[in-house]
Amino acid sequence: MFNESASNSAGGAVHGYFCTSTFSGCHFDFNQSGFGGAVSAYFSNRDIVDCFFQGNTALARGGALDNFNGESYVTDCTFESNVTLGAPPDGYGGGVHDYQTTSHYSNCVFRQNYTSDNTSGGGAFLYASQSTFDACLFDSNFAGYGAGIYNASSTTALTDCEFVQNFAM
């Protein structure tokens with residue numbers, strides 16, 4: 001369990017830089033950071049399986065998870081009540097923030113994640129990324145734009161996903 005950890009820069013609980021990481025069966029609760037409230041990964045590859053991200057906070061990007069340049073496989077994970085607090089040009093991706101990343105999300109739940117009313121991507125913010133979402137639920141997320149997913153200059157495939165009561169200003 002990664003609980004109530006903090007960083008002034010990146011990754012409240014874990015920051016990976018030019019590495020490969022695997023997380024399985026982990027809980028990331030109430031962590032905070034500038035980038036990636038719970039986990040940030042720069043130029044790294046990661047497998048995240050059966051993990052729970054709750055109540056994490058980022059000041060800039062990725063309330064729970066901030067991916068910058070690398071590849072992610074995220075399976076059977078829940079992102080709930082995570083938040084980004086920043087104002088543009090920051091504050092993106094209440095649940096996850098992917099920047100120039102190849103990401104695969106499968107059977108994940110994005111619920112009640114939040115960005116401020118003038119930023120984007122309550123559940124997920126994707127920029128210049130290639131992302132797939134298979135059988136994912138986006139429920140009750142909030143953002144200024146793209147409450148479930150905000151897609152900017154990215155290639156995104158969604159299969160059997162459900163969007164329920166997401167709210168964008």
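By class, the lining of the largest cavity holds five nonpolar, six polar and one charged residues. Here Ala, Val, Leu, Ile, Met, Phe, Trp, Tyr, Cys and Pro count as nonpolar, Asp, Glu, Lys and Arg as charged, and the others, Gly among them, as polar. The structure is a predicted model, in which local features need pLDDT of at least 70, side-chain atom pairs count only at pLDDT 80 or more, and totals for chains, interfaces and linings use all residues. Residues are numbered from 1 along each chain as its sequence is written, and side-chain values use heavy atoms, with hydrogens and water left out.

Stay with the cavity. On a 1 Å grid over the protein atoms alone, a cavity is a set of points where a 1.4 Å probe fits but cannot get out; lining residues have an atom within 4 Å of a point. Grid points are joined across faces, edges and corners, and a volume is the space filled by probe spheres set on the points. A search of the whole structure finds one cavity of 30 Å³ or more. Strand 6 gives the largest share, six residues. Strands are DSSP runs (E, at least two residues), numbered from the N terminus.

Now the sheets. Strands of a sheet pair through backbone hydrogen bonds, either parallel or antiparallel. Two strands count as paired if DSSP finds at least two bridges between them. Seven strands form an open sheet with parallel pairing, in the order 1-4-7-10-13-16-20. Strand 1 (2-3) and strand 20 (162-164) stand at the edges, each with a single partner strand, so one side of each has no neighbour in the sheet. Within this sheet, strand 10 (residues 78-80) runs parallel to strand 13 (residues 109-111), and three bridges join them. Glu80 stands opposite Arg111 in strand 13.

Another open sheet has three strands in the order 5-8-11, again with parallel pairing. Its edge strands are strand 5 (32-35) and strand 11 (83-84), each pairing on one side only. Strand 8 (residues 57-61) and strand 11 run parallel, joined by two bridges. Thr57 stands opposite Val83 in strand 11.

What about the cysteines? A disulfide is a pair of cysteine sulfur atoms within 2.5 Å. A search of the whole structure finds zero disulfides. The sulfur of Cys51 has its closest cysteine sulfur in Cys26, 4.4 Å away, too far for a bond. Cys51 is buried, at a relative accessible area of 3%. For Cys108, the closest cysteine sulfur is in Cys136, at 4.7 Å, also too far for a bond. Cys108 is buried too, at 1% relative accessible area. Buried means under 20% relative accessible area, exposed over 50%, and partly exposed in between (1.4 Å probe, protein chains only).

Ala168 lies in strand 21 (residues 167-168). Ala168 is partly exposed, with a relative accessible area of 37%. Ala168 and Phe68 are 100 residues apart along the chain, and their C-alpha atoms are separated by 25 Å.

Last, confidence. pLDDT is the predictor's confidence in each residue, from 0 to 100. The chain averages a pLDDT of 96, and 100% of the residues score at least 70. Mean confidence is lowest in strand 1, at 92, and highest in strand 13, at 99.

Methods. Helices (H or I, at least four residues) and strands (E, at least two) are DSSP runs, numbered from the N terminus. On a 1 Å grid over the protein atoms alone, a cavity is a set of points where a 1.4 Å probe fits but cannot get out, and a pocket is an open set with protein on both sides within 12 Å along at least five of seven lines; lining residues have an atom within 4 Å of a point.
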